[in-house]
Amino acid sequence: VQLQASGGGLVPPGGSLRLSCAASGTIFSSNAMAWYRQAPGKERELVASITAGGSTDYADSVKGRFTISRDNAKNTVYLQMTSLKPEDTSVYYCSGSYSQYTYYGMDFWGKGTLVTVSS
């Protein structure tokens, strides 16, 4: 399985950014997917997840600002980020599970994409 994340970059506080993650080598519609992030010196944290059926969950720190979605026809999961804050600066990782749900853990990971929120 391969996950290719894209869309990171430099954005000013209050700005928006959309991350994309294209999957190959898996039956994408059957996989739960998630976005994690890891800032320098900090532990990796779950940002948002989406089940195979489309149910979503978010970290409290991003609720109301970030939206995770999926397009099974394109084998792609997205993370729309709005009202970005400097504390959102991190490397963002796309991940997937062979299960329809994320509570069994994530089985495959993509390389990260850097998001920097700064003026």
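Here we go from the overall fold to one strand and then the core.

Mentor: Remember that this is a predicted model, where local features need pLDDT of at least 70, side-chain atom pairs count only at pLDDT 80 or more, and totals for chains, interfaces and linings use all residues. Residues are numbered from 1 along each chain as its sequence is written, and side-chain values use heavy atoms, with hydrogens and water left out.

Trainee: How many helices and strands does the protein have?
Mentor: Helices (H or I, at least four residues) and strands (E, at least two) are DSSP runs, numbered from the N terminus. Here you get zero helices and 11 strands.

Trainee: In what sense do S1 and S3 pair?
Mentor: Strands pair if DSSP finds at least two bridges between them. S1 and S3 (residues 17-24) have five, in the antiparallel sense, and serine 6 stands opposite serine 20.

Trainee: Which residues touch the most other members of the largest nonpolar core?
Mentor: Nonpolar side chains tend to be buried together in soluble globular proteins. A nonpolar core is a set of buried Ala, Val, Leu, Ile, Met, Phe, Trp, Tyr and Cys residues joined through side-chain atoms within 4.5 Å. The largest one here has 27 residues, and Trp35, Val77, Leu79, Met81 and Tyr92 touch the most other members. S3 gives the most to this core, four residues.

Terms used:
Buried means under 20% relative accessible area, exposed over 50%, partly exposed in between (1.4 Å probe, protein chains only).
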